[in-house]
Amino acid sequence: MSGRKQGETPADEGGSGTKPPRIKISKSSDAGDAKNVSKRLKDMEICVPIVCGTIAFYLGRKASESQSHKWTVYVRGATNEDLGVVIKKVVFQLHPSFNNPTRVVESPPFELSECGWGEFEIAVTLFFHSDVCDKQLDLFHHLKLYPEDESGPQTTKKPVVVESYNEIVFPDPSENFFARVQNYPAVVVPRLPAGFNLPNPAPIENMAERERGDTKDHPLSQWFLNFSEADELLKLAAARQQVQAHIVKLRRQLSVMDGLPQFSKPTAGYEFT
């Protein structure tokens, strides 16, 4: 095992700031729907852009053989908004050489800091509020301590930053989930058809008691990568959601015209998604 790695090192994930494809969460199980009394909005999607990352500082003169770097792993909103309206808790699975390698963070900001000497893959598991999704999402992030350019001595002033951008997509969201996030800046939601009324959202447990969870004034925010296309991606996602809402409206109008309770089959040659 290399002196710079704890455990096996995965293949290069493409470097900092890469944007993988959208992650579409499979629809909730029937058992989950039974527990959740809120109705579901068919043919609609809610999109939550997130960033998973690590920031590692070299300790310089304070470094020892077993602790050469201080690092932080985190899940944040792509625009640094509070993700607590969607995510209930995050579990970080560290290398087994750490004491208590399974770390659970139950409120935002979803992050933890440690000291160590080696690079390894961190398993990051997201758990969502009950009205969002009854499934967990497993992500993997490679902790990087050493810069690509190792021609000179490592500095204590500039950290090594690795971040990855993802869009989590929730199909057929519950009315309660939609109502809670419809005006929330961290979440992309479609426009509802005219005259459609949502119920008042049920509050999240302990929401009023917890501290501010956004990362806009985070001590490490100056090192967060700026995904220059993030705003454009959000605009495109919003436009896509509006098109989907328009399709739903047209389906209902056609159902009324045809005297059918539901427009169950698309016109031949077209596919509605």
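User: Before we start, what makes two strands a pair here?

Analyst: Two strands pair if DSSP finds at least two bridges between them. Strands (E, at least two residues) and helices (H or I, at least four) are DSSP runs, numbered from the N terminus. This is a predicted model, where local features need pLDDT of at least 70, side-chain atom pairs count only at pLDDT 80 or more, and totals for chains, interfaces and linings use all residues. Residues are numbered from 1 along each chain as its sequence is written, and side-chain values use heavy atoms, with hydrogens and water left out.

User: What is the order of the strands in the open sheet?

Analyst: The order is β1-β9-β2-β3-β6, with 5 strands and mixed pairing.

User: Why are β1 and β6 called edge strands?

Analyst: Each of them pairs on one side only. β6 covers 110-116.

User: How do you know that β2 and β9 pair?

Analyst: The rule asks for at least two bridges. β2 and β9 have 12, in the antiparallel sense. So they pair. Within this pairing, A56 stands opposite V160 in β9.

User: Why is the contact of R22 and E45 called a salt bridge?

Analyst: A salt bridge needs a side-chain nitrogen of Lys or Arg within 4 Å of a carboxyl oxygen of Asp or Glu. For R22 and E45 the N to O distance is 3.9 Å. That is within 4 Å, so the contact counts. R22 lies in the segment before β1 (23-24) and E45 in strand β2 (residues 45-58), so the pair ties together parts 23 residues apart in sequence.

User: Why does E45 with K24 count as a salt bridge?

Analyst: The closest N and O atoms are 2.9 Å apart, so this pair passes too. E45 lies in β2 and K24 in β1, so parts 21 residues apart are tied together. K24, at 54%, is exposed.

User: Which residues are linked in a network of salt bridges?

Analyst: R22, K24, E45 and E167 are linked in this way. By the salt-bridge rule the count comes to 8.

Note on methods: Buried < 20%, exposed > 50% of the residue type's maximum accessible area, 1.4 Å probe, protein only.
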